[in-house]
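Let's take a friendly walk through the side-chain contacts of a protein. Have the sequence and the coordinates ready, and follow along residue by residue.

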Amino acid sequence: MFRTPFARATCAALLALAAVTASAQDNAKVLRMVPQTDLKILDPIWTTAFVTRDHGYMVYDTLFGVDVTGKPQPQMVDKYSASADAKVWNFTLRKGLVFHDGKPVTAADVVASINRWGKRDSLGQRMLAVMDKLEAVGDNAFRMTFKQPFGLVLEALSKPSGSPAFIMPKRVADTPADKQIDDYTGSGPYVFQKDQFRPGEKVVYLKHKGYVPRTDTPSGTAGGKHVYVDRVEWIILKDAQTQSNAITSGEVDMLSWMPPEHYSTLRTNPKLETVNPTFAGSYYLHLNHHIPPFDNPKIAKAAVLAVNQEALLRGQMVFRDLYRTCASIYPCGSPLATDKTGWFTGKPNFEEAKRLLKEAGYDGTPIVLMHPADFTLLNKLPPMMAQLLQQAGFKVDMQSMDWPTLLMRRAKKDPADKGGWNAFMTGWGGSDTLNPMFFAPLTGNGEKGWFGWNKDDKLEELKGEFAATTDPAARKKLAAQIQERALETGLFAPLGETNNLSVIRRGVVSGVLLAPVNVFWNIKKN
C-alpha cells in the first residue's frame with residue numbers, strides 16, 4: 001500500500017519539475033513556491049488542514065486580522081463599536097471591497113459567511129449559540145446581538161488558524177456547512193485559477209487587481225496586504241530531496257516549509273536563506289473517541305502514556321535546534337502555558353499503560369494508525385509512534401496513504417475496519433494552541449466537534465466559563481483546568497514543539513512576513 005502513493009508522488013514531482021523547467025525563462029513577476037503539501041480540498045471552512053487554510057488566505061479576506069503581537073485589528077471592517085454590556089456589536093465595512101467577479105462585498109455576504117463558518121468552527125459554534133440575532137443593517141453594515149455577554153467576538157472574527165472566518169459571496173456561503181463549496185470566488189489579494197488547477201502538480205493564483213489594501217503597515221494577518229507579483233504558482237513537490245534540489249537549482253523560489261532532514265545543507269548554501277515566517281508549532285497525537293477502543297478513556301490514556309516526545313521529535317526533525325519537548329498543550333512560555341499536566345510528562349510509562357489496558361479489557365483488536373507517507377514534515381512520526389504503542393501493549397495496523405486521503409478519511413465515523421480510523425498525528429501552529437477557544441481538537445461536544453468527536457461535558461463547561469470571562473487571571477486559571485481535564489481524559493497527546501522554517505533564494509525573494517500562519521502577500525521577487 002505504501003509503494004503506490006509514493007510512486008505516484010514521485011511521478012507527479014517529476015512532471016511538476018518538468019513543467020517548471022519548460023517555462024524556465026524566469027519572470028520576476030512570477031513567484032514559484034513549494035507548499036507544505038499537496039492541495040486537494042479547496043474549502044477552508046470544511047477542513048482545518050494548513051495547506052487549505054493557506055489557500056484561503058490567498059483567495060479570501062477576513063473581517064479582522066491579528067497583528068504580530070496577537071492583537072485583533074480591523075481588516076475588512078472599517079469601524080466597530082460595542083455596547084457597554086457587550087451584548088450589541090455594530091460593524092461597518094470599509095469602502096472599496098470587491099469580490100473577484102467585480103461585485104461589491106455587502107453585509108449580506110458577511111452574514112451568510114459568518115453563519116456557515118459558525119456551524120463548523122468550535123469557537124464560531126459557541127459564539128452563535130449565545131447570539132440572539134446576526135443581521136445586515138444596510139449594504140455595508142451589520143450587527144450582532146447577544147443573549148448574554150460574549151467576551152471573544154474580536155478573537156473569533158480574527159482567529160488566524162483552524163478555520164478562519166473567511167468572507168465569501170452569499171451565493172457561495174449559502175452552501176450547507178457539511179458540503180464543500182465549488183465556487184472559489186473571494187475578495188482576497190489573489191484570484192484562484194480554477195482552469196489551471198492541477199492537483200498533485202500545480203496551483204495558480206493571479207494578483208487581484210481590484211483589491212484595495214489597507215494603509216496600515218503589514219503585521220501578521222493584519223494591515224496592508226500588498227501584492228508585488230503578478231502570479232504565484234504553487235509547485236507540488238512531495239519528496240524532500242526533490243524539494244531541496246529544486247530550490248538549490250533555482251527552479252523554484254521558495255519552500256514554504258523546509259524539509260528538516262536537509263536543514264544543514266540548505267542553511268549553509270550561500271545562494272539560499274532560511275527564514276522563520278511563523279511562530280513555533282507543535283505536533284499532536286489525535287485519537288478517535290467515537291469508536292472503540294478509544295471510546296474507553298482508560299485505553300485512550302494508555303495510548304497517551306506511550307508517548308516519548310524526545311524520541312519522536314528527534315526522529316522527525318533530526319536537528320536539535322529545530323525542536324524542544326513541551327508537556328503543556330499551550331505553547332511553552334506563552335501566557336496560558338502551565339506545568340499542571342497531571343500524569344502526562346511526555347516520557348513513556350509502558351507499565352502503567354499495560355496496566356490500564358488490562359483493567360479496561362482491551363481485546364487486542366489492532367488500532368488503525370494513519371500514516372501520511374507523502375508529507376515530509378509528518379511522515380516519520382507514525383512508524384515511531386506505532387513502535388511505542390506496541391511497547392505499551394497495543395496491536396497496531398499502520399496504514400500508509402497520501403495527506404489528502406488522510407484528510408478525507410479522518411472525516412469518516414465508520415469503524416476502523418470499514419474505512420474509519422483510530423489515530424493519526426499532525427502539527428499545529430502556535431496560533432492554534434495559544435488559546436483553548438482557538439484549538440480545534442479541544443472539544444467535548446461529541447459529533448459536533450472536531451474529528452475524533454470527543455464527548456466530555458466537563459470540558460465544555462470549563463470552556464464555557466473561559467468564554468464568558470474577560471478577566472486575565474480567571475482565564476489563566478481556567479486554561480490550566482482545561483489542560484488538566486484534556487490530559488486526564490486522554491483527549492490527545494502533545495508531542496513537543498518545532499521551528500518550521502521557510503527557504504528562499506537569497507537576493508531574489510524578499511518581504512516574507514512574520515505571522516501566525518504562512519502568508520504570501522508583501523513578497524517581492526527581484
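What follows looks at aromatic pairs, charges over rings and salt bridges in turn.

## Aromatic rings

Please keep in mind that this is a predicted model. Searching the whole structure turns up 31 aromatic pairs. Take Tyr184 and Phe192: their ring centres are 5.6 Å apart and their planes stand at 90 degrees, so this pair is edge-to-face. Both Tyr184 and Phe192 are buried.

Some rings gather into a cluster. One aromatic cluster is formed by Phe50, Trp257, Tyr284, Trp421, Phe424, Trp428, Phe439, Trp450, Phe451, Trp453 and Phe492.

## Charges over rings

The charged end of Arg53 sits over the Phe50 ring, 4.0 Å from its centre.

You will find Arg267 over the face of Tyr263, at 4.9 Å from the ring centre.

Side chains of opposite charge can pair when their charged atoms come close. In the whole structure, the search finds 30 salt bridges. One of them joins Asp253 to Arg505, with the closest N and O atoms 2.7 Å apart. Asp253 belongs to the loop between helix H7 (240–249) and strand E13 (254–255), while Arg505 belongs to strand E21 (residues 502–505), so the pair ties together parts that are 252 residues apart in sequence.

Are these two partners buried or exposed? Asp253 has a relative accessibility of 1%, so it counts as buried. Arg505 is buried as well, with a relative accessible area of 17%; the cut-off for buried is under 20%.

## Partly exposed partners

Glu352 and Arg355 form a salt bridge whose closest N and O atoms are 2.8 Å apart. Both residues lie in helix H11 (residues 350–360), three residues apart, which is about one turn of the helix. Glu352 is partly exposed, at 26% relative accessible area, and Arg355 is partly exposed at 41%.

Glu447 pairs with Lys413, and here the closest N and O atoms are 3.0 Å apart. This bridge links distant parts of the chain, 34 residues apart: Glu447 is in the loop between helix H14 (430–433) and helix H15 (457–468), and Lys413 is in the loop between helix H13 (403–409) and strand E19 (423–429). Lys413 counts as partly exposed, at 30% relative accessibility.

## A network of charges

Which residues are linked in a network of salt bridges? Asp38, Lys40, Lys238, Asp374 and Asp402 are linked in this way.

Definitions and conventions:
Residues are numbered from 1 along each chain as its sequence is written. This is a predicted model: local features need pLDDT of at least 70, side-chain atom pairs count only at pLDDT 80 or more; totals for chains, interfaces and linings use all residues. Side-chain values use heavy atoms; hydrogens and water are left out. Rings of Phe, Tyr and Trp (its six-membered ring) pair if their centres lie within 6.5 Å; planes under 30 degrees apart count as stacked, over 60 as edge-to-face and the rest as tilted. Buried means under 20% relative accessible area, exposed over 50%, partly exposed in between (1.4 Å probe, protein chains only). A charge sits over a ring if NZ of Lys or CZ of Arg is within 6 Å of the ring centre and within 35 degrees of the ring normal. A salt bridge is a side-chain nitrogen of Lys or Arg within 4 Å of a carboxyl oxygen of Asp or Glu. Helices (H or I, at least four residues) and strands (E, at least two) are DSSP runs, numbered from the N terminus.
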